[in-house]
Amino acid sequence: MNIQELKALLEGYWYDCQYLEEKIKELEKIKIQCNQVNITNSENLKTDCNFLMQNILSLIKPIENKKIYLEKSIQKLPQPYKNVIYFKYIRNFNNDQVADKLNYSVNRIYQLHKEGLTRLQSIIKNEDIKDYQ
C-alpha cells in the first residue's frame, strides 16, 4: 500500500464511523419494531425485519473490522506520531487543531504527519489488511 492509498484509507475512517453509527441506529430501530410485531398476525413482517437486520449487519462487519484494524495499527506507532495520526484521522482535526492540541507548530505537525504515515505504512505492510475485512 502506497502513502496515497494509506491516506485515502485513513481519510475514509471518519466517514466509515459516521456510516456505522447511522446503520447501528437503523438496526436498533428495526430491532425495536420487530420486537413489537405481533407474531400471530405478522410472520412475513417479522421475516422481513430479520432480513433487514441481517443485511445491515453484513454491511457493518467489514467496516467495523477495518476500523479496529486501523486503530490497532495506529496504536503501534511511537509518540508523537501516534498522537498526530490519531487526532488528524480518528478525531478528524485539521493541522491547526492538532498543533494547538499537541503544542507544536503547524510545520512540525506536517513533518510528524508525513513521518507518521511512512511509519504506519511499514506497520501495515507487515500485516495483511485483508485479514480484517
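Modeller: Happy to! Let's come in through R119, which touches L77, P78 and Y81 once residues up to four places away in sequence are set aside; touching, or contact, means heavy atoms within 4.5 Å. Before going on, please keep in mind that this is a predicted model, where local features need pLDDT of at least 70, side-chain atom pairs count only at pLDDT 80 or more, and totals for chains, interfaces and linings use all residues. Residues are numbered from 1 along each chain as its sequence is written, and side-chain values use heavy atoms, with hydrogens and water left out.

R119 itself sits in helix α5; helices (H or I, at least four residues) and strands (E, at least two) are DSSP runs numbered from the N terminus. With a relative accessible area of 39%, R119 is partly exposed, since buried means under 20%, exposed over 50% and partly exposed in between, for a 1.4 Å probe and protein chains only. R119 also lies 9.6 Å from I74, C-alpha to C-alpha, although 45 residues separate the two in sequence.

From there, step to the loop between α2 (43-75) and α3, where you will find P80. The peptide bond that joins Q79 to P80 is cis, with omega at about 0°. That deserves a second look, because most peptide bonds are trans.

Y104 belongs to the loop between α4 (95-102) and α5 (106-125), and is partly exposed at 34% relative accessibility. N103 is in that loop between α4 and α5 too; its phi is near 60°, positive in a residue other than glycine, and N103 is exposed, with a relative accessible area of 68%.

Now for α3 itself. Of the 10 residues in this helix (residues 81-90), 8 are buried, so the rest of the structure largely encloses α3. The buried ones are Y81, K82, V84, I85, F87, K88, Y89 and I90.

What do the aromatic rings do here? A search of the whole structure turns up 2 aromatic pairs. One of them joins Y86 and F87 edge-to-face, with 5.2 Å from centre to centre and 75° between the planes. For reference, rings of Phe, Tyr and Trp (its six-membered ring) pair if their centres lie within 6.5 Å, and planes under 30 degrees apart count as stacked, over 60 as edge-to-face and the rest as tilted. Y86 is partly exposed at 28% relative accessible area, whereas F87 is buried at 9%. F87 also pairs with F93, this time stacked, at 5.3 Å between centres and 25° between planes. F93 is buried, its relative accessible area being 18%. Together, Y86, F87 and F93 make one aromatic cluster.

Just after α3 comes N92, with a positive phi of about 65°, even though N92 is not a glycine. Most residues other than glycine have a negative phi. N92 is found in the loop between α3 and α4, and is partly exposed at 40% relative accessibility.
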